[in-house]
Amino acid sequence: MNASYILYLIVLVSFAAGERFKEAPEFFNSPDCLTIQNGDGFICSDKAVHVAMTLDTAYLRGSMAVILSVLQHSSCPQNIVFHFVTSKQTHRLRNYVVSSFPYLKFKIYPYDVAAISGLISTSIRSALDSPLNYARNYLADILPTCLSRVVYLDSDLILVDDISKLFTTHIPGDVVLAAPEYCNANFTTYFTPTFWSNPSLSITLSLNRRHSPCYFNTGVMVIELKKWREGDYTRKIIEWMELQKRIRIYELGSLPPFLLVFAGNIAPVDHRWNQHGLGGDNFRGLCRDLHPGPVSLLHWSGKGKPWVRLDGGRPCPLDALWAPYDLLEPRFDHLIES
């Protein structure tokens, strides 16, 4: 099967779905980069910047924008390796990625949703209940054991800075992950009165913490996978999810178990690396401004997604910053009908 025929099949798949993504340019931003070959060894290369994301059809448009933004602003885009976790339609999603980024170094990992589905509790927004939203809990189990560190990124953000700066964040020897912390947030609102009224539960947030617990957003994290495995942190998160099924102690999806396990014990990252909340709250998705300070990453966490608001003709002002990374082609249905 030659390359032209493979490309033809990819185009057919895209047309059948009623959508098609443009091919992104290949970036060569620095002549001094040590190029990692797209062969058998790139998955475990310690010279690469490893990025983990989930892939699904609902957020594919956002994921493609993330990939483009990472590559465009990287000092060494040839050395970025993506690790995509997906629960279904693996071949179709792979075709979309290959058609837009034929040069991309990546691997797709299947995710068994059956293992997590029984642990998911309903939250304040149905999108937060997707099993794939909990894949971050299992990255240390899903990704190859040769990987010691990875940057996890949500699919509703863009980078405007070199991801290698984030990837090389200093993480002390006794710490498992790094993320921007927000200590002025009302931390108590992330848990129910049942949690706070039970001393045996609420004391958890006071035990063995480097400092007082602070909110952090799990959509942007630098994770030390080896330390995660050694500390059996997947089990610790699952134990809180199992308790949640018996006694409702939180309302907000996959975030609270991370806070219970890690808050107060993470390496801080400058806030520029997660200008979050641009999607508004989880109910109305109202427009929001940037937080004060410099910007390296814009994150449309919350209900409102930029591609939805742009398509609906009611974008927020900051959605214009996402639009240049949108690779979706106009629909071609009219061409097929004619």
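1. Arg284 is exposed, with a relative accessible area of 59%. (Buried means under 20% relative accessible area, exposed over 50%, partly exposed in between, with a 1.4 Å probe and protein chains only.) Arg284 forms a salt bridge with Asp281; the closest N and O atoms are 3.4 Å apart. A salt bridge here is a side-chain nitrogen of Lys or Arg within 4 Å of a carboxyl oxygen of Asp or Glu.

2. Note the basis. This is a predicted model, where local features need pLDDT of at least 70, side-chain atom pairs count only at pLDDT 80 or more, and totals for chains, interfaces and linings use all residues. Residues are numbered from 1 along each chain as its sequence is written, and side-chain values use heavy atoms, with hydrogens and water left out.

3. Confidence comes next. The chain has a mean pLDDT of 89, and 92% of its residues reach 70 or more. (pLDDT is the predictor's confidence in each residue, from 0 to 100.) Residues 1–17 have pLDDT below 50; this stretch has 16 contacts beyond near neighbours in sequence. Contact means heavy atoms within 4.5 Å. Residues 333–338 also stay under 50, with two contacts beyond four places in sequence.

4. The structure holds 12 salt bridges. One of them pairs Arg61 with Asp311, at 2.6 Å between the closest N and O atoms. Arg61 is in helix α2 (residues 60–73) and Asp311 in helix α12 (residues 306–311), 250 residues apart. (Helices, H or I of at least four residues, and strands, E of at least two, are DSSP runs numbered from the N terminus.) Arg61 counts as buried at 13% relative accessibility; Asp311 counts as exposed at 55%.

5. Arg235 and Asp232 also meet in a salt bridge, at 2.6 Å from N to O. Arg235 is partly exposed at 38%. Asp232 is partly exposed at 34%. Separately, salt bridges that share partners join Arg61, Asp311 and Asp326 into one network.

6. Look at Lys105, in strand β3 (residues 105–110). Lys105 is buried yet has no salt bridge; the nearest side chain of opposite charge, Glu26, is 6.5 Å away. (Lys and Arg count as positive, Asp and Glu as negative; His and the chain ends are not counted.) The Lys105 side chain reaches the backbone oxygen of Gln78 at 2.8 Å. Beyond four places in sequence, its contacts include Ile36, Phe42, Ile80 and Phe82.

7. Strand β2 (residues 80–86) has seven of its seven residues buried. Ile80, Phe82, Phe84 and Thr86 lie on one side, with Val81, His83 and Val85 on the other. Strand β1 (residues 49–54) runs parallel to β2, joined by six bridges.

Definitions and conventions:
A polar contact is a pair of N or O atoms within 3.5 Å; within protein, one must be able to donate a hydrogen and the other to accept it, and residues adjacent in sequence count only if both atoms are side-chain atoms. Two strands pair if DSSP finds at least two bridges between them.
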